[in-house]
Amino acid sequence: MSDSTLSKDPTADPAEHEAYFPSPYSLDAYTAPRTDFDGLATERHAWSGGRWKVLVLATDERYLRMGNGTFFSTGNHPVETLLPLHHVLEAGFGVEIATLTGNPAKFEWWAYPGEDEAVGSAREKLLAQWRAPKSLAEVVERELGEDSDYLAVFVPGGHGALSGLPFSTDVRDTLEWAMRTDRLVVSLCHGPAAFLSTRIGRGRSVFEGYEMCVFPDALDAGANIDIGYLPGEMPWLLGKALQDEGVRVVNDDMTGRCTTDRNVITGDSPLAANELGKLTATALLEHARRRG
C-alpha cells in the first residue's frame, strides 16, 4: 500500500515546460527496487544454433502530450522492456533495437528497479544499442524478408509507445511482415499501441479478431489521474482504440495476466513482464527448432 503522506501532485520535469513525472505517491504504489523474476523458463543458452534474433521496436519519444496540454515525461518502461529481454538473451537469442529515427531510445528512468539483477544484466548487455539503435526505416528496407534472421518483433510497454509508433508506416510494414511470415509478435501494457499502425492505408488491421491483454483504460481514465501518475487525461485510450480495430481485449484490470493467440503474445502491465518473458523464450525455442 502506498504511503498516504506522500504527495499525489505530479512532479515537474525541469527539462521541459509543463512536463511532469509521476507523483511520489504513485511511484510508491507502482514501482519497486526488485521485480518478481524467479528464474528462467528454459535452460540457459538453450538455443545454441546462432542466427535467430528479436527485433525491438522502442520509442525514442520522451514526452506524451496529454489532453489538457501538459506533457507526461515517459518513454519505454524499463521493467516491461528489460525483464522480457533478459529471458530472451539468457535463452540464447540475439536482440537488436530499432527506433523510428535511429535516435536513442528513452527509458522511464523513474521506474527502474535499481536492485534487480535480471533487469540490470539485460541493461548492461543492451545499453550500447539503446543509445545507438538502428533506424527502423533501414531495417524495413534492408532486413525484412522470408529469410530474415528476425524471429520475433517485440514492442515494449510504457506510455511512450503512444507517441509515433501507432502512426508510422515503417511500424506497419514491420508488423505486416511479421504476421505474413509467421514470426512472433510480442508486446505488453501500452506497447500494443504500435499495432494500430497496421490500419494505415489498409481496409483492416492484421490483428483484427486477435485476443490481447493491454493496460486497462479504466486506470488511465481514472486512478492514474487521481493519484498523480498522469498529469492529465489521456489523448486517447488504448483499449478502446484497439477494440475499434477489431481486437478482442480480454482483461479489464491489472493483474499480471498474459495471453497467447496464435503467434501474438501480450501482457497487461509491468506485473506481466516476467511471465511474458518466459512465454516468449519458450515460444522462440519452439519456432527456432522448427525452422532450424
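The lining of the largest pocket comprises 13 nonpolar, seven polar and four charged residues (Ala, Val, Leu, Ile, Met, Phe, Trp, Tyr, Cys and Pro count as nonpolar, Asp, Glu, Lys and Arg as charged, and the others, Gly among them, as polar). The model is predicted, with local features requiring pLDDT of at least 70 and side-chain atom pairs pLDDT 80 or more, whereas totals for chains, interfaces and linings use all residues. Residues are numbered from 1 along each chain as its sequence is written, and side-chain values use heavy atoms, without hydrogens and water.

The volume of this pocket is about 440 Å³. A pocket is an open set of points on a 1 Å grid over the protein atoms alone, where a 1.4 Å probe fits, with protein on both sides within 12 Å along at least five of seven lines; lining residues have an atom within 4 Å of a point. The volume is the space filled by probe spheres set on the points. Of the 24 lining residues, Y30, T31, H77, P270 and L271 are the closest to the pocket centre. At least two lining residues come from each of α1 (24-30) and α2 (78-90), and α2 gives the most, with three.

Helix α2 also packs against α3 (residues 117-131): the two axes, fitted to C-alpha atoms over the stretch in contact, come within 8 Å and cross at roughly 90°. The helices are therefore roughly perpendicular (65 to 115 degrees). Contact, meaning heavy atoms within 4.5 Å, involves T81, L82, L83, L85, H86, L89 and E90 of α2 and A118, V119, S121, A122, R123, K125, L126 and W130 of α3. Nine of these residues are nonpolar, three polar and three charged.

Overall, the chain contains eight helices and 13 strands, taken as DSSP runs (H or I, at least four residues; E, at least two).

Conventions
Axes fitted to C-alpha atoms, helices over the stretch in contact; angles between N-to-C directions. Parallel < 35°, antiparallel > 145°, perpendicular 65-115°, else oblique.
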